[in-house]
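Open the model in your viewer and keep the selection tool at hand. The tour below goes stop by stop.

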Amino acid sequence: MPVLNVQGIQLSFPFEPYACQVTYMEKVVECLKKNINGILESPTGTGKTLCLLCSSLAWLETRKAQTELQKQMGIATLIGDNKLNPGNVDNLAKSLEQSTGTTWGGSDYTVPKIIYASRTHSQLGQAVQELKRTAYNSMKVSVIGSREQLCIHEQVKKEASNTSKVHLCRAKVAAKTCYFYNHFEALHSGSEVEVPYTVSEIGGLVRSYIKSKVCPYYMARELKADADIIFMPYNYLLDPK
C-alpha cells in the first residue's frame, strides 16, 4: 500500500489517492492536531469514508507511539536508566509532537478513542467493510448496537417490542438463566480463552458470537473499553436514553 506523508503523519492508503482525497485527509489530520471541530464535505464517490478512517487511524497510531515513548521515558527516569540516547529521544519526541499536535512532557498518558457515527447500522456496516481494506484492519474495533440487533437468545428475540426485549434480557441476566451471558461472564472473569476483537459489521459479529456461544450485546459493550475505534449510530451519542 502507498505510504503518504500527511501533515507529518505517515499514512497508509489502499491505492494512490486523488488530489481531493489528499486534501480531505490533510484537513482531518489538521483538525486532530489542533483539537478543533471540522465540517468537511466532498462530492459523492470520492471516498470520504476511506479517507476519514485512514487519516484518523494513522494519527491515532502516531499518538499511541508518542504516548508509549513518553511512558518509557518516565519509567527510565524513575529507575535511573541511562541507556537511552537523550539526543535521539529528544528528536523523536519533537517529531511526534509536531505530528500529533500533542504537547510533549505532560502527565496525561491517555490515548483518545475514535467514534465513527452514522445514521443506520447498514451505513456502519459499509464503513467497517472499508476499514477491512486498509492497513489499519488489525486495530481494536467495537460495533455498538441494541439488543434488537445483537441479542441471540431465542426467547428474547421473539418479544414484539424492544422494551420487552430489554426487560426480559435483564431478568434472565439477573437470574443467571441466559447461557450466552453466563458464557460471556466466564470469559470476562478470565476462566476461559478470551474472544478476540473482530473487524466485522453487526451481522458478522452476531454470526461469530453465535458460533462461540457468547452474548454479542454484552461483549460489544465490553470490547469498547479498549477499542481504538467504536462504530455506533448517532443516537447513541445524542439520546440520553
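What percentage of the 241 residues of the chain count as buried? The figure is 41%. Bear in mind throughout that this is a predicted model.

**Whole chain**

Start with a cartoon view. The chain has eleven helices and five strands. Residues 24 or more positions apart account for 73% of them.

**The largest nonpolar core**

Go inside. In soluble globular proteins, nonpolar side chains tend to be buried together. Here the largest nonpolar core has 56 residues. Select Leu11, Ile229 and Phe231, which touch the most other members. Then select residues 48–79, helix α2, which gives the most to this core: eight residues.

Stay on Leu11 and show its neighbours. Leaving aside residues up to four places away in sequence, which ones does leucine 11 touch? The list is Pro2, Val3, Leu4, Val6, Met25, Cys54, Ser55, Ala58 and Tyr136.

**A nonpolar patch on the surface**

Come back out. Select Ile115, Tyr234, Leu237 and Leu238. These four form a nonpolar patch on the surface, with about 430 Å² of accessible area together. Ile115 sits in strand β3, residues 114–118. Is isoleucine 115 buried or partly exposed? Its relative accessibility is 41%, so it counts as partly exposed.

**Cysteines**

Select the cysteine sulfurs. How many disulfides are there? The count is zero. Take Cys169. Cys215 is in no disulfide either; the nearest cysteine sulfur, that of Cys178, lies 5.9 Å away. Check burial too. Cys169 counts as buried at 9% relative accessibility. Cys215 counts as buried at 8%.

**Helix α9 and its cover**

Select residues 202–212, helix α9. Which residues of α9 are buried? They are Ile202, Gly204, Leu205, Val206 and Tyr209. Now show what lies over them. The cover includes α4 (121–132), β4 (141–143), α5 (147–150) and α10.

Move to the end of the helix. Just after α9, Lys213 takes a positive phi of about 60°. Lys213 is not a glycine. It lies in the loop between α9 and α10 (216–223). Lys213 is partly exposed, with a relative accessible area of 41%.

**Another lysine with positive phi**

Finish at Lys176. What is phi of lysine 176 near? The value is near 60°, which is positive in a residue other than glycine. Look at the loop between α7 (162–174) and α8 (179–188): Lys176 is found there. Lys176 has a relative accessible area of 45% and is partly exposed.

**Selections to keep**

- Core: Leu11, Ile229 and Phe231, which touch the most other members.
- Surface: the nonpolar patch of Ile115, Tyr234, Leu237 and Leu238.
- Backbone: Lys176, with phi near 60°, and Lys213, with phi of about 60°.

Notes. Residues are numbered from 1 along each chain as its sequence is written. This is a predicted model: local features need pLDDT of at least 70, side-chain atom pairs count only at pLDDT 80 or more; totals for chains, interfaces and linings use all residues. Side-chain values use heavy atoms; hydrogens and water are left out. A nonpolar core is a set of buried Ala, Val, Leu, Ile, Met, Phe, Trp, Tyr and Cys residues joined through side-chain atoms within 4.5 Å. Buried means under 20% relative accessible area, exposed over 50%, partly exposed in between (1.4 Å probe, protein chains only). Helices (H or I, at least four residues) and strands (E, at least two) are DSSP runs, numbered from the N terminus. Contact means heavy atoms within 4.5 Å. Patches are made of residues with over 30% relative accessible area and no salt bridge: like charges are joined within 9 Å, nonpolar side chains (Val, Leu, Ile, Met, Phe, Trp, Tyr) within 5 Å. Accessible areas come from the Shrake-Rupley method with a 1.4 Å probe; for residues, only the protein chains shown count as cover. A salt bridge is a side-chain nitrogen of Lys or Arg within 4 Å of a carboxyl oxygen of Asp or Glu. A disulfide is a pair of cysteine sulfur atoms within 2.5 Å.
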